[in-house]
Amino acid sequence: MTKPLIDTFGRIHNNLRISVTDRCNLRCTYCMPEEVTFLDKGELLTFEEITRFVEIVAPLGIDKIRLTGGEPLLRRGLAELVKMIVRVPGIKDVGLTTNGLLLAQQAQPLFDAGLRRINISLDALDPGRFRQLTRRDGLEHVIAGIQAAKRAGFDPVKINAVSIRGVTEHEVVPLALFAREHALEMRFIEYMPIGADTWERDKVYFAHEILDQLEREIAPLVPVDDYDPRAPAMEFQYTDGGGRVGIIASVSRPFCRSCNRVRLTAEGKLRNCLFALDEVDLKPLLRSNAAPERIAELVRKNVWDKWEGHEINTARFIKPLRTMHAIGG
Ligand code: SAM
């Protein structure tokens, strides 16, 4: 392997999130607007172009990939892409983040293709609240998707819920109990200023409040034995043996100092931070078969230029123009 992908703060990058589409079959209010102009199909990187990119960055130390979107299961033939990526030498781990609506049909083919990690986003178990948040129906399909993921052999199956004050507080305990009952790993994510809604700090239902609520209404929690303070999720286990719960406190406890991620948007823009204001357009190079060294050099430079952190908690924060669905969450 050559020199690792490092930035000026000494952070080494091994984690790549690839968006495979900006389309989505939900319209979560905190993520995207109702009316959106999606990319034309021809603007999306092809599976060959995505795989070529992975082949270029794997020797730079990228060994962990997560496929996302938009809703990645809307991209036809996704299992084929998984097969292509798991074959790339150096790639150790391929994961997927999905809203689960189409997972009942796709869980097994994806598992068979080599996908091993799965995160399913589900913010509410109450059908009315689900509709309010997602502006669509389909809760029962998500539940069927979760069951299918378990049957297919994914272990653990992680459930991600965004926590928004006044909107999802009443869902925290039902979701946590649902996860305990079905041996799922529940993770709550603090609401971030990256969606279409007007974000205000007061709307974040904070990590410590979620923890208090879980301890009060379910059971005491202690950090897990293999607790990794650098990982995005703070992981806890119930003292009554009821499993684990994770909290991603992106706002109240940013993990920028240990960030190891870069992102590739569906149309081939490289972003060194979820909140990046600049991006590098790699599609023309990938499409014209440019020399791998040239692409690798651009990736190195993009990572080298990464800023210290997202600045959400300062007056300097600038919200990126892209909303989450067009970046890849
Ligand atoms: N459609 C897939 C899904 O729902 O998991 C993948 C893309 S989605 C953008 C990825 C994750 O980003 C979801 O878990 C979603 O809840 C989260 N997300 C979107 N907007 C967010 C926001 N403003 N704050 C925190 N998380 C957000």
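Select strand 4 (residues 64-68) and strand 5 (residues 93-98): they run parallel and are joined by four bridges. Strands here are DSSP runs of E with at least two residues, and helices are runs of H or I with at least four, numbered from the N terminus. Two strands count as paired if DSSP finds at least two bridges between them. Now pick L67; opposite stands L96 in strand 5.

Before moving on, note that this is a predicted model: local features need pLDDT of at least 70, side-chain atom pairs count only at pLDDT 80 or more, and totals for chains, interfaces and linings use all residues. Residues are numbered from 1 along each chain as its sequence is written, and side-chain values use heavy atoms, with hydrogens and water left out.

**Strand 7**

Select residues 157-163. Seven of the seven residues of strand 7 are buried, so the rest of the structure largely encloses this strand. Buried means under 20% relative accessible area, exposed means over 50%, and partly exposed lies in between (1.4 Å probe, protein chains only). Show the side chains: V157, I159, A161 and S163 point one way, while K158, N160 and V162 point the other.

N119 has K158 as its bridge partner in strand 7.

Now show helix 6 (residues 169-181). With strand 7 and strand 8, helix 6 makes a right-handed β-α-β unit. To check the hand, point the strands away from you: in a right-handed crossover, the path from the first strand over the helix to the second runs clockwise.

**Strand 12 and its partners**

Select residues 261-264. In strand 12, R261 and R263 point one way and V262 and L264 the other, and all are buried. Strand 3 (residues 15-19) pairs with strand 12 in the parallel sense over four bridges. Look for I18, opposite L264.

Strand 13 (residues 269-271) runs antiparallel to strand 12, with two bridges between them. R263 has R271 as its bridge partner in strand 13. Four residues lie between the strands of this hairpin, where G268 takes a positive phi near 90°.

**Cysteines**

How many disulfides does the structure hold? Zero, where a disulfide is a pair of cysteine sulfur atoms within 2.5 Å. Select C259: its closest cysteine sulfur, in C273, is 6.6 Å away, too far for a bond. C273 is in no disulfide either; the nearest cysteine sulfur to C273 is that of C256, 6.3 Å away. C259 is buried at 17% relative accessibility, and C273 is buried at 14%.

**A pocket to finish**

Select P254, F255, C256, R257, E308, G309, H310, E311, I312, N313 and T314, which line the second largest pocket. A pocket is an open set of points on a 1 Å grid over the protein atoms alone, where a 1.4 Å probe fits, with protein on both sides within 12 Å along at least five of seven lines; lining residues have an atom within 4 Å of a point. About 280 Å³ of space lies in this pocket, counted as the space filled by probe spheres set on the points.
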